[in-house]
Amino acid sequence: MAGARAAAAASAGSSASSGTPQPQEPGLGELLEEFSRTQYRAKDCSGTGGSKVERIEKRCLELFGRDYCYSVIQNVNGDICGHYPQHIVFLEYESSEKEKDTFQSTVQVSKLQDLVNRSKTARCRGRFVCPVILFKGKHICRSATLAGWGELYGRTGYNYIFSGGADDAWADAEDVTEEDCALRSDTHLFDKVRGYDIKLLRYLSVKYICDLMVENKKVKFGMNVTSSEKVDKAQRYADFTLLSIPYPGCEFFKEYKDRDYMAEGLIFNWKQDYVDAPLSIPDFLTCSLNIDWSQYQSWDLVQQTQNYLKLLLSIINSDDDSGLLVHCISGWDRTPLFISLLRLSLWADGLIHASLKPAEILYLTVAYDWFLFGHMLVDRLSKGEEIFFFCFNFLKHIISEEFSALKIQRRKSLPARDAGFTVEDICMLRRKDRGSTTSLGSDFSLVMESSPGAAGSFTYETVELVPAGAQTQAAWRKSHSSSPQSVLWNRPQLSEDRLPSHQGLVEAKSSSSSSSNHSDNFFRLGSSPLEVPKPRLTALSERETRLQEVRSAFLAAYSSTVGLRAAAPSPSGAIGLLEQFVRGVGLRGTSSTL
C-alpha cells in the first residue's frame, strides 16, 4: 500500500487519458495458458511492464473498478506475501460513475498497512487475512490457517539469520526484534503474533471464522507445522464464532478425475488416521437451513459442497454487520473454491459486481481468486488433483433458488404467519419430489455425460450406481475402493439427473396449483381462474442463465487450453511419447486430434 490509494476509475483510465493506444485486453484463454504454465510469484513479475502477469493484474483492477471504489495494498516484489497479488484490492464501497471522480477513502491506510505487516507472521506461509469480496458492507476474507510453533520458529529463525528473505518472508526488521529473540516461550510469542492477527480481524469487522481443515493441526515429520483457531490453547479466538466444517483436501480430487469427473456418489473416507477435526457449527447458524448436519460423513462431494455453500451464504446474509473469514491450510485450494463459488453465486443474483458480464466475472474470479493468490495449477494438473476444474463444473449444481441470496432476503422480509407453510416452502417441497435437476448440459463439457455412469450404471470397479425411481429411498452399500482417500457407495440414483428443458419447466408450473407458484411473480388479485400468467424473466431464471453462461465459457476455454493435459490418461507407449512431444512444443491446437 505504502500510502497509495486508488479510485475505481483511476486504474482503468490513466493510460486512456494519455492518448497512447492500449494493448488488447487479455482473454480467458491467455490467462489459462499462463496459469497452466507456471505458478504465480509476485517477485517474478515486477519491472516488466509488458508481461502477461502485469496485464492480468491491470485487467483485474479495471474489473473491480467497474462497481467499487477501493484502496490498494501494495505487494510489489512480494514484500508482504510472495504468492498474493502485487496489488491487493481493498474494496471500500460500491460506487457509480459519478462517485468515482470524488473518491474518498474510508479506511486508515497506514493503520491497515501496519496491521498487515505485523499479522502476517501469525499465519501459515505468511498468508494473512485478506478481504476479497464486499457484500452488504461486510468483508468476506481469505487466508491460510494459523502457523504452528514449528513453522513460526523455523521461519522467524531463518529470516533472522538470512535477512534477504524468501518469498513468504515472515518478518521485516521491525518484526524480529531483540525482544522477540529473547522471548522464546510459546505463550509470549503466540500472544504477540496472534494478537496482531486478532487486531486485523477486528479491524475488518470479521466475526465468523470457517475452518475447512480436516485436521486440528497439520503434522509433518511428527511436528505440528500449523495450528488453527479451534485448538488455540489460550482461547485467544473465543470472541469469534468458530465453525469447523471439514472438507477434503486437493488430493481427494484425483478420485474425482479418475471417475471421469463424476462427483455424485464420491464420498471422502473420514476414518483415515490424520482426520481428527469433527464438524462443529453453532446451533443458531443451522436452525434455518433444514440440513441434517449429523449425516455429513455420508454426504457425497456434491452434497457436501452444496450444504457448505448454503451455510456460508446464510452467514453473510445475516442481519448483523459482521464479516466472514474462510480458510483451509495454505489457503490456495479449498479456500479459493468456496471464495469463487461465493463470488459467482452472489454475482448471479445481481448483488455484487452488478455491471460485469459473464465472461468478465469469470475472468476476474479465475485471475484474482485462483491465479494471483497462488493456486498451484501446474502441480495439481500433474497429479490429477483437479479441484480448479471441479469449482467451475460444479456451477451446474447451484443454479436453483436454494442457493439464491435473494430468496434468503425475501424469506426474512415476509411477515410472521400463525401456521402452515409459506408459498416458497411449498415450492421447495414440490421441487424435492420432482427429483434432482442440478446438472447442465454443455457441448464443451469434459465430463463423459454419455458414459454408463451418467446413465445410472457406472461399471468401474470402485462403484456401481443403480437407477431407481424418485420414491425409492437411498440404500447405501459400501463398495471396494482402491484409494484410502475415498469411500464409494452404491446409491440408487434418481431417474432425472439432468436439468429439464424450459418447456418441461413451463409444463410443470402450469400443471401445478396456483399456490405452488412464487407469489411475487404469479399471484394477481382479481385475476380469473382461467387466466394464464404471461411468462417473464424472474431473478431466479436470470441466475440460472448467468451461471450456465459462466460454466459454458469456462469449459470452452479450459478444453482448448488446459483440457488435453488435464483430461488425458497417463501417456504410455508411442502415442504417449507423441502427445508429450506435441505438448512440449506448444502445439495444443493440433494435439486434440491425436
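**The second largest cavity**

A: Two cavities of 30 Å³ or more are found when the whole structure is searched. A cavity here is a set of points, on a 1 Å grid over the protein atoms alone, where a 1.4 Å probe fits but cannot get out; lining residues have an atom within 4 Å of a point. Grid points are joined across faces, edges and corners, and a volume is the space filled by probe spheres set on the points. The model is predicted: local features need pLDDT of at least 70, side-chain atom pairs count only at pLDDT 80 or more, and totals for chains, interfaces and linings use all residues. Residues are numbered from 1 along each chain as its sequence is written, and side-chain values use heavy atoms, with hydrogens and water left out.

The second largest cavity holds about 30 Å³ of space. Its lining consists of Glu-57, Cys-60, Leu-61, His-87, Val-89, Tyr-368 and Leu-372. Two or more of these residues come from each of α3 (52-65) and β3 (87-94), elements defined as DSSP runs numbered from the N terminus (helices: H or I, at least four residues; strands: E, at least two). The largest share, three residues, belongs to α3. By class, the lining has five nonpolar residues, one polar and one charged, where Ala, Val, Leu, Ile, Met, Phe, Trp, Tyr, Cys and Pro count as nonpolar, Asp, Glu, Lys and Arg as charged, and the others, Gly among them, as polar.

Note on methods: 1 Å grid on protein atoms, 1.4 Å probe; cavity = no way out; pocket = protein on both sides within 12 Å on 5 of 7 lines; lining within 4 Å.
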